[in-house]
Amino acid sequence: MTTSTPIDVPEAFTASYGAHGAAERAWLTTLPALGAEFLDRWALSPDGPVRYGMASLVLPVRRPDGTPAALKLQQPREENAGAAASLLAWRGNGMVHLLDHDEASATQLLERLDAGRPLSAVPDDSEALGILAELMARLVAVPAPVGLRRLADVAAAMVEQTPGAVPALGDPSERRLVRHCAATVAELLDEAGDRLLHWDLHYDNVLAGRREPWLAIDPEPLAGDPGFELLPALHNRWDEVVATGDVRRAVLRRFDLLTEVVGVDRERAVAWTLGRVLQNALWDVEDGEHALEPAQVAIAEALLNRPAPHGS
């Protein structure tokens, strides 16, 4: 029996998330009662205002012993399938701790981090990128749990979708780029990897913590090659990359730091980063776009025009 008062859902979250479709709007109607249900089930006390992201609501709470925690409410979706198993596999090593969860509703009780201090607040980009790279290296060192979505399957579907998507792009050079990305990915389908990937590791998905200075949050877990992790980090603070006046050099500086710290083969990392560019291109076309995002094109071109490795 639920005795807690239904939680207040911010109107801005209702408006933004509800715009995605009927299923999202239906889930939003259940959200106040769902929050109250888990406050009761886990004997939690609200401890601050509700926060929200693109697809989840997070309520600061305290457990019965007074320990601060965070109640995360999210609609069960393909993107968060396997998230609980992955958080358990990481065991808090560079990742927020999972304290409890309900698989059916995708509800999670998480270690409380400082939502007001994301890694994006670190002013020096080199420092922030170094922190992110160290976290990435720790996260991809873990083998993916059995049953997780596989990059091999995601990549095969992308290659299959490419011929139908390319004609929607108006620029011939962008059509050639997307075809090249697909051809590159096709060569790697049989060696797509088995590491546990976050899939969305960027500065705003890293928060300050008490147990460790910085911890990752919000994984969209995938079993695959660590090279598939790099693009969000390359794209961070893109305005600062442009402001350097030498986009290619700035992208390659980031790429070299990431690959060195994470310990991935650079040629494979180039190939799988092109795979992420392909994925984003396909999503854009699906959303009705007829041109690629300029930053994606710039990153792809920088990597394709890298100096040849020494000794080659």
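Contact here means heavy atoms within 4.5 Å. Helices (H or I, at least four residues) and strands (E, at least two) are DSSP runs, numbered from the N terminus. This is a predicted model: local features need pLDDT of at least 70, side-chain atom pairs count only at pLDDT 80 or more, and totals for chains, interfaces and linings use all residues. Residues are numbered from 1 along each chain as its sequence is written, and side-chain values use heavy atoms, without hydrogens and water.

Start with the sheet. It is open, with three antiparallel strands in the order E7-E9-E10. Two strands pair if DSSP finds at least two bridges between them. Strand E7 (114-118) and strand E10 (214-216) are at the edges with a single partner strand each, so one side of each has no neighbour in the sheet. From one strand to the next, the twist averages 55 degrees. E7 pairs with strand E9 (residues 206-208) over two bridges. Asp 114 has Ala 208 in E9 as its bridge partner.

H4 (residues 125-140) lies across E9 and E10, at about 50 degrees to E10. Axes are lines fitted to C-alpha atoms, for helices over the stretch in contact, and angles run from 0 to 180 degrees between N-to-C directions.

Next, the interior. A nonpolar core is a set of buried Ala, Val, Leu, Ile, Met, Phe, Trp, Tyr and Cys residues joined through side-chain atoms within 4.5 Å. Buried means under 20% relative accessible area (1.4 Å probe, protein chains only). The largest core has 82 residues; Leu 119, Met 136, Trp 214, Leu 258, Trp 272 and Leu 278 touch the most other members. Helix H10 (residues 266-286) gives the most, ten residues.

Methods. Buried means under 20% relative accessible area, exposed over 50%, partly exposed in between (1.4 Å probe, protein chains only).
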